[in-house]
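Visitor: I have a protein to look at and some questions about it. Could you show it first?

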Amino acid sequence: MENTDILVSGAGIAGPALAHWLRRHGFNPTVVERAPAPRPGGQAVDLRGAGRTVIERMGLMERARALCVEQRGIALVDTRGRHSARMPVELFGGEGIVSELEILRGDLADLLRQATDGVEYLYDDTVTALAEDADGVTVHFENAPARRFHLVVGADGLHSAVRRLAFGPEPDHYRPLGGHHCWFTVHDPALARELDGWFLMYNAPGGLVAAARPGRLPGEVKASLAFRSGPLALERGDDAARRRLLADRFAGAGWRVERLVAGMAAADDFAFDSFGQIHLERYSRGRVALLGDAGYSPSPLTGLGTSLALVGAYLLAGELAAAAGDFTTAYARYEELMRPYVTRAQELPPGGVNGYAPDSALMIRLRAASMRWMGRWPLRAVLAAQFAKAGDIALPDYPLPARAA
């Protein structure tokens with residue numbers, strides 16, 4: 001391999017995971033990240049199926065377990081906070097809606113970054129232009145000087161800058177699912193005690209969903225608000241307008257929503273987005289490839305975004321190594337292995353957004369009734385198939401060069 005320099009855009013989950021495997025296989029990755037510094041905290045993501053296998057092959061499982069958030073399972077609550085249905089974490093072998101291995105997104109990203117010793121990170125920057133030729137790609141950045149790379153990988157999320165530059169406008173590939181959601185952290189010791197280790201979810205008429213789950217720190221609550229809707233005329237980055245919209249939508253919704261909305265106003269990790277998926281005819285174009293949400297976001301409704309990111313990183317780096325840097329061969333093989341896994345992962349749970357955010361009191365009661373039956377036939381078999389998708393891929397073994405002494 002004459003040129004091993006590879007630019008990875010995005011330092012969330014997929015980017016550092018790819019950088020780790022590229023480094024292990026003898027490549028020289030550089031990671032660029034729009035945020036000015038690593039983002040701490042965040043919401044809980046799960047390690048399940050083949051994604052868990054990748055973490056094990058990285059040698060990080062013991063450290064990941066130490067960072068996990070203890071949760072008893074998920075419970076639906078009524079307006080008075082009473083549990084109307086429960087799914088304990090041990091149901092479905094610890095890989096149900098709430099996995100036995102739940103870790104804050106920021107903690108997982110930090111763990112992956114720590115496994116990329118020697119990798120250069122460019123924070124507070126982003127890719128603004130790509131000029132590909134027969135020998136490589138000239139990458140222009142918003143702040144850093146232009147540089148040459150052999151390959152470029154976009155692992156920069158649902159609204160990927162690399163995908164826009166190499167594959168075209170976002171609307172060509174983004175498929176909205178009919179809803180929006182936000183997530184943030186609040187310090188509310190009373191609510192944290194009320195959770196009692198459960199991930200509590202509350203539905204209100206009008207397609208409103210409020211949720212709260214334990215954090216890792218005392219009194220910390222990881223909260224989210226979601227609602228059904230079509231496209232919204234909001235400028236990206238206008239968080240003040242988004243918070244006002246959410247406060248208006250959830251006014252008088254019941255349960256502990258008023259406290260969550262108050263906490264949202266002061267949260268410094270507030271994030272807002274639509275429910276949507278990315279669908280592409282191919283995951284690569286020329287020397288540019290896409291990974292994770294940038295290439296095949298399944299939406300949070302599936303619970304499989306982390307698994308797709310970790311598995312995709314493992315396969316992409318492994319195939320580049322197997323092809324000795326011949327990206328044409330490697331990208332084709334990556335697509336061949338990843339496409340069936342992605343296709344199954346993007347299948348939404350029964351009802352999609354409508355099932356997640358029912359719009360009437362009757363449908364809310366039916367949702368609770370269906371959850372109470374999830375551990376029984378025939379719903380158990382349906383849900384088991386949904387959760388099994390995370391492990392529905394055979395991961396190749398890629399030989400690794402010996403580490404330097």
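Visitor: Which residues does Gln277 touch, not counting residues up to four places away in sequence?
Guide: The model is a predicted one. Gln277 belongs to strand β16, residues 271-278. Contact here means heavy atoms within 4.5 Å. Beyond four places in sequence, the residues that Gln277 touches are His173, Tyr174, Arg175, Leu177, Ser297, Pro298, Ser299, Gln346 and Leu348.

Visitor: Is Gln277 buried or exposed?
Guide: The limit for a buried residue is under 20% relative accessible area. Gln277 has a relative accessibility of 4%, so the residue counts as buried.

Visitor: What is the C-alpha to C-alpha distance between Gln277 and Ala294?
Guide: In sequence, Gln277 and Ala294 are 17 residues apart. In space, their C-alpha atoms are separated by 9.6 Å.

Visitor: Where is Ser9 found, and is Ser9 buried or exposed?
Guide: Ser9 is found in strand β1, which covers residues 5-9. Its relative accessibility is 3%, and under 20% is the cut-off. Ser9 therefore counts as buried.

Visitor: With which residues is Ser9 in contact, leaving aside its neighbours within four places in sequence?
Guide: Contact is again taken as heavy atoms within 4.5 Å. With those neighbours left aside, the contacts of Ser9 are Val32, Val127, Val153, Gly154, Ala155, Asp156 and Val162.

Visitor: How many disulfides does the count come to?
Guide: Cys68 has a relative accessible area of 12% and is therefore buried. Cys182, with 0%, is buried as well. A disulfide needs two cysteine sulfur atoms within 2.5 Å. By this rule the number of disulfides is 0.

Visitor: What radius of gyration does the protein have?
Guide: A compact globule of 405 residues would have a radius of gyration near 22 Å. The C-alpha trace spans about 65 × 45 × 40 Å along its principal axes. The radius of gyration of the protein agrees with the globule value, at 21 Å.

Visitor: Among contacts between residues at least 6 apart in sequence, what percentage join residues at least 24 apart?
Guide: The secondary structure comes to 14 helices and 18 strands. Of the 405 residues, 56% are buried. For contacts between residues at least 6 apart, the share that join residues at least 24 apart is 73%.

Visitor: How far apart do the centres of the positive and negative side chains lie?
Guide: The protein exposes about 17400 Å², of which carbon and sulfur atoms supply 52%. There are 45 positive and 47 negative side chains. The distance between the centres of the two sets is 6 Å.

Key: Residues numbered from 1 in each chain as written. Predicted model: local features only at pLDDT ≥ 70, side-chain atom pairs only at ≥ 80, totals over all residues. Heavy atoms only, no water. Helix = DSSP H or I, 4+ residues; strand = E, 2+ residues; numbered from the N terminus. Buried < 20%, exposed > 50% of the residue type's maximum accessible area, 1.4 Å probe, protein only. Rg over C-alpha atoms; globule rule 2.2 N^0.38 Å. Areas by Shrake-Rupley, 256 points an atom, 1.4 Å probe, with all protein chains shown as cover. Lys, Arg positive; Asp, Glu negative; His and termini not counted. Charge placed at Lys NZ, Arg CZ, Asp CG, Glu CD.
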